[in-house]
Amino acid sequence: MVCDTFSQHDSTIHRLDPRARIIVAFAFAVLLAISTSILVPSIGVAVALGAMAAARLPLAATAKRLAGVNCFLLILLVFLPLIASGPCLFRIGPVGYSREGFLQAARISLRCNAILLTFTALLSTMETSTLGHALSHLRLPQKLVHLFLFTVRYIDVLHHESARLRRAMKVRCFRPGANARTFRTIGYLAGMLLVRAHDRSMRIMDAMKCRGFRGRFHVLTHFTATQQDVVFVLASLTVILVLAWMEIR
Amino acid sequence: MHIADGYIESASVLAGGALLAAAGVAIGLRKTNYDRLPQVAVLTATFFVASLIRVPVGAASAHLLLVGLVGLILGWAAFPALFVALLLQAVFFGHGGLTTLGVNTLNMALPAVACYYLFRRAFRCNGADESRRSVFRIGFAAGLAGFALAGGMTASVLLISGNGFESFVGVMGIAHLPLLIVEALVTGSVVVFLRRVCPELLAQPGSPRIESSTTHV
């Protein structure tokens, strides 16, 4: 499916230890999410752009991803200042464009973009199964990791199944519209997907039992931290600590 | 209906959401044995795929959420299931957020679990009244309740994080009303369909067949 847009390349970031990438990305994102100044998110965007360049993200796909969130942020930037109170930056007739509201909206936009870029550069650049294994190494409950890996495997299968059913509907001249018939048909489509998925899961369980599944996936890829990873973690921690200090000050 | 990264700046809201979601996921995992894991995973994947189906609403189109249905089918397992689905969405599509993952999981999974407790009895007890209409009504109510609760929780999280979102929340609420009806109608049809084709799917989370299967593989 579309899951692997960013992981099929090679760069310095792609070669780093996935565990280190997860920890750094998460620490950085949490710091940005709770920062209340405008300076820290601005630096965050710059750092994230650096990470994006280092990961050699495909520009078009990244832009598309950012465009999605920024549409809504644009609405926020226009309207939040109009409804907020406080001193105005400028006035258009009776409506004032509040400075406070603008800062608020700008902060949200910067934070949102910086975090999204960071996650895209550090996390979306690993394959889904790698992410699952890294989470398992980071001591997430085994069952949750199993669930994650199983789900990743079957999203693809069911996506094809869904596409097939919808093709079949199209062939029979189904044209969706906002009417009761469409809602019923789509309900049946979702129901059919569920029924087939249920049957499939029963077969999977039987097949796995036949092969001696004992409730455990053996992790074959063990990650080893190299010198590069240590440098990456230390450098990122420095950046995060400096930003945290700026935030507190 | 998920909150993106950066919208909530209150650390206590983020942390509280994460803690409650973690507790829910822990309960859900405890109630799901390894035997049932592939089933929960395949259903999680199905909900993920079904939420990509576009439904026309007037001139625009919307995505299904199916919160009520998730609850009816998975029960407490809705917590880990929705956690995984939201994590995948955030990492691989950039929809939703990762710092808000806890809050989003809670907003979707808690209504699902509520629907499970509210409506599971309706399916077991209405043996006498199996008409299509009454089954549809239960499904409709579950879809309505799930979506409304999820929306209400998302709205309250935005309000208590206090960013001056009050009027936005109002506008978004009104904009979501048509979606609420569509969600309820579609959930109703899904439930009618499942009741006819695969009734064991709906009564499952608490059914003795699954819970008592202690033969550990």
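**A buried threonine, the chain interface and the cysteines**

Thr120(A) lies in helix α5 of chain A of this predicted model. With a relative accessibility of 1%, Thr120(A) counts as buried, because residues are placed in that class when their relative accessible area is under 20%. When neighbours within four places in sequence are left aside, the residues in contact with Thr120(A) are Phe6(A), Leu57(A), Arg65(A) and Thr125(A).

The interface between the two chains was examined next. On the side of chain A, 75 residues are in contact with chain B, and on the side of chain B, 72 residues take part in these contacts. Together the two chains bury about 6200 Å² between them, and 79% of this area is on carbon and sulfur atoms. Within the area that chain A buries against chain B, a share of 12% is supplied by Lys143(A), Phe183(A) and Leu194(A), which is more than any other three residues supply.

Charged and polar pairs across the interface were also counted. The rule finds 3 salt bridges between chain A and chain B, and a salt bridge joins the side chains of Asp35(B) and Lys209(A), with a distance of 3.9 Å from N to O. Polar contacts between chain A and chain B, with both residues at pLDDT 80 or more, come to 6 residue pairs. The side of chain A that touches chain B draws at least two residues from each of α2 (18-34), α4 (59-83), α5 (99-122), α6 (128-137), α7 (142-171) and α8 (180-210) of chain A. Among the contributions to this side, that of α8(A) is the largest, with 20 residues.

Two residues of chain A stand out by their backbone angles. In general, most residues other than glycine have a negative phi. Arg56(A), although not a glycine, has a positive phi of about 45°, and it is found in the loop between α3 (39-54) and α4 of chain A. The relative accessible area of Arg56(A) is 59%, and Arg56(A) is therefore classed as exposed, the limit for that class being over 50%. A positive phi, here of about 65°, is also found at Cys173(A), which is not a glycine either. Cys173(A) is placed in the loop between α7 and α8 of chain A, and because its relative accessibility is 68%, Cys173(A) counts as exposed.

The cysteines were then considered for covalent links, a disulfide being a covalent bond between the sulfur atoms of two cysteines. Over all chains, the count of disulfides by the rule is 0. Cys71(A) is accordingly in no disulfide, and the nearest cysteine sulfur, which belongs to Cys112(A), is 12 Å away, whereas a disulfide requires the two sulfur atoms to be within 2.5 Å. Cys71(A) has a relative accessibility of 53% and so counts as exposed.

Chain B, finally, was described as a whole. Chain B contains 8 helices and 2 strands, and along the sequence these elements follow the pattern α-α-β-β-α-α-α-α-α-α. Chain B has 217 residues, of which 61% count as buried. For contacts in chain B between residues at least 6 apart in sequence, 78% join residues that are at least 24 apart.

Terms used
Residues numbered from 1 in each chain as written. Chains lettered and ligands numbered in written order. Predicted model: local features only at pLDDT ≥ 70, side-chain atom pairs only at ≥ 80, totals over all residues. Heavy atoms only, no water. Contact = heavy atoms within 4.5 Å. Buried area = accessible area lost by both parts, 1.4 Å probe. Salt bridge = Lys/Arg side-chain N within 4 Å of Asp/Glu carboxyl O. Polar contact = N/O pair within 3.5 Å; in protein donor to acceptor, adjacent residues only side chain to side chain. Helix = DSSP H or I, 4+ residues; strand = E, 2+ residues; numbered from the N terminus. Buried < 20%, exposed > 50% of the residue type's maximum accessible area, 1.4 Å probe, protein only.
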